[in-house]
Amino acid sequence: MAIHGVILDVGGTLVESNDARARAWAEALTERGWPVPFERIRPLIGVGGDRLLQAVAPGISGRSSEGQRLLRRVGELFVQRHAQGLRPTPGARALVERMRAEGLRLVVASDAEPHEVEVLLRAAGVEDLLDERFTAADLEHSPPLLDLVELARCKIGLLPQAGMLLADTPYDIEAGARAGIRTIALRCGGYGDRDLTGAVRIYDSPADLLAGFDTSPLHKSARPVPPPRRQPVYPRRLGL
């Protein structure tokens with residue numbers, strides 16, 4: 001079956017924001033008496049706030065009032081101090097334009113808060129091209145244990161075999177697999193090929209995917225690829 005829709009990650013995929021997000025985390029944790037170095041946090045960007053807390057500050061639950069305050073502070077620091085100089089990943093807008101021209105339905109899925117997602121999309125230069133968005137706010141009203149990727153897929157009625165996830169972290173690949181969605185991974189988020197095992201194809205950046213679009217899994221003539229196999233990414237990388 002041809003691909004009809006693409007679920008898009010934003011941070012690290014369309015905008016170079018992963019380092020900035022890790023710095024915001026390090027500052028927020030230090031403010032609250034949990035000094036954790038940037039180098040410890042950076043490989044966990046993309047795992048989600050609750051799990052990142054579980055890995056670096058096991059005394060704080062993401063569901064507790066303290067955890068919620070910390071997560072809000074991370075967002076504040078990110079927007080106020082670190083988002084000003086963000087740049088699009090190479091070819092971000094051109095790739096989105098090409099996918100739209102191909103008739104693909106494009107849906108943003110980000111576990112950031114809605115106002116943070118807006119900041120990221122503006123920094124990526126694609127805010128006018130991507131109207132359908134699912135964010136942390138949508139997860140608050142969804143069934144328990146439902147991933148954002150699966151929520152987005154179900155909400156738009158996208159069959160797993162007709163969808164693709166475009167993302168940049170191993171955690172995204174695992175989330176896609178849980179939703180039955182195959183992933184095209186990009187190295188521009190800072191993760192290497194070993195980290196991105198499980199993706200159907202790996203490209204350097206949106207520009208690299210665009211240059212090879214006609215032979216990519218997104219092209220209308222592409223052969224169907226097998227469904228994803230679930231791989232236990234979280235325990236291995238988090239050390240839990």
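Predicted model: local features only at pLDDT ≥ 70, side-chain atom pairs only at ≥ 80, totals over all residues.

1. Helices here are DSSP runs of type H or I with at least four residues, numbered from the N terminus.

2. Val 56 belongs to helix α3, which spans residues 49-56. With a relative accessible area of 11%, Val 56 counts as buried, because the cut-off for that class is under 20%. Setting aside neighbours within four places in sequence, Val 56 is in contact with Leu 29, Trp 34, Val 36, Arg 40 and Leu 44.

3. How do the axes of α3 and α4 cross? They come within 11 Å of each other and cross at roughly 110°, and the two helices are therefore roughly perpendicular. On the α3 side the meeting residues are Gly 49, Asp 50 and Leu 53, while α4 brings Gly 67, Leu 70 and Leu 71. By type, the residues of this contact of α3 with α4 divide into three nonpolar, two polar and one charged.

4. Helix α4 (residues 65-82) also packs against helix α6 (residues 114-124), at an angle of about 30° and with the axes 11 Å apart. Because angles under 35 degrees count as roughly parallel, α4 and α6 are placed in that class. The crossing of α4 past α6 is left-handed. Gly 75, Phe 78 and Val 79 of α4 make the contact with His 115, Glu 116, Val 119 and Leu 120 of α6, and the residues involved comprise four nonpolar, two polar and one charged.

5. Helix α9 (residues 170-178) deserves a separate look, since eight of its nine residues are buried, so that α9 is largely enclosed by the rest of the structure. The buried residues of α9 are Pro 170, Tyr 171, Asp 172, Ile 173, Glu 174, Ala 175, Gly 176 and Ala 177. Just after α9, Gly 180 adopts a positive phi of about 80°.

6. How many disulfides does a search of the whole structure find? The search returns zero. As for individual cysteines, Cys 154 is partly exposed, with a relative accessible area of 44%, and Cys 188, at 22% relative accessibility, is likewise counted as partly exposed.

Technical notes
Residues numbered from 1 in each chain as written. Heavy atoms only, no water. Disulfide = S-S within 2.5 Å. Buried < 20%, exposed > 50% of the residue type's maximum accessible area, 1.4 Å probe, protein only. Axes fitted to C-alpha atoms, helices over the stretch in contact; angles between N-to-C directions. Parallel < 35°, antiparallel > 145°, perpendicular 65-115°, else oblique. Left-handed = near helix turned anticlockwise from the far one by under 90°. Contact = heavy atoms within 4.5 Å. Nonpolar A, V, L, I, M, F, W, Y, C, P; charged D, E, K, R; others polar.
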